[in-house]
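Work through the exercises below with the sequence and the structure at hand. Try each task before reading its solution.

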Amino acid sequence: QVQLVESGGGLVQAGGSLRLSCAASGRTFSNYAIGWFRQAPGNERELVAATSQSGGTTRYADSVKGRFTISRDNVKNMVYLQMNSLKPEDTAVYYCAVVIWATMNGRYWGQGTQVTVSS
């Protein structure tokens, strides 16, 4: 099992940038695909971005393509989400999780980090 802890959220103005970090415990981190998900009040949790075990394959929600970049460092056991050109509709709690690639479902969720984008 892997444990995940998110950080880096905060309040930013529209058009600004944030970088979220996901720190993982466990020596088998590189065996797992990892995703970033988000959930806004009243909405279902949705996948934002995912990276394969090696980082060589990534997937993005259409709403963030060209603005967000997911990356990972398997030496440091870290996954990052660089978010640029932020919009108020990006406001949500962001979670990292292990991703089952075939379904893009998540498991072993972190506690989440709040991102608020003001207009």
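**Exercise 1.** Does Asp90 count as buried or exposed?

*Solution.* The model is a predicted one. Step 1: the cut-off for buried is under 20% relative accessible area. Step 2: Asp90 has 1% relative accessibility, so Asp90 counts as buried.

**Exercise 2.** Find the salt-bridge partners of Asp90, including Arg38 and Arg67.

*Solution.* Step 1: recall that side chains of opposite charge can pair when their charged atoms come close. Step 2: between Asp90 and Arg38, the N to O distance is 2.9 Å. Asp90 sits in the loop between strand 8 (78-83) and strand 9 (92-100), while Arg38 belongs to strand 4 (residues 33-39), so this pair ties together parts 52 residues apart in sequence. Step 3: between Asp90 and Arg67, the N to O distance is 2.8 Å. Arg67 is in the loop between strand 6 (58-60) and strand 7, 23 residues apart from Asp90. With 11% relative accessibility, Arg67 counts as buried. Step 4: through shared partners, salt bridges join Arg38, Glu46, Arg67 and Asp90 into one network.

**Exercise 3.** Is Asp62, a salt-bridge partner of Lys65, buried or exposed?

*Solution.* Step 1: the closest N and O atoms of Asp62 and Lys65 are 3.1 Å apart. Step 2: exposed means over 50%. Step 3: Asp62 has 65% relative accessibility and therefore counts as exposed.

**Exercise 4.** What is the strand order of the open sheet of four strands?

*Solution.* Step 1: the order is 1-3-8-7, and the pairing is antiparallel. Step 2: strand 1 (3-7) and strand 7 (68-73) are the edge strands, each pairing on one side only. Step 3: strand 1 is joined to strand 3 (residues 18-25) by five bridges. In strand 3, Ala23 is the bridge partner of Val5.

Note on methods
Residues numbered from 1 in each chain as written. Predicted model: local features only at pLDDT ≥ 70, side-chain atom pairs only at ≥ 80, totals over all residues. Heavy atoms only, no water. Pairing = 2+ DSSP bridges. Helix = DSSP H or I, 4+ residues; strand = E, 2+ residues; numbered from the N terminus. Salt bridge = Lys/Arg side-chain N within 4 Å of Asp/Glu carboxyl O. Buried < 20%, exposed > 50% of the residue type's maximum accessible area, 1.4 Å probe, protein only.
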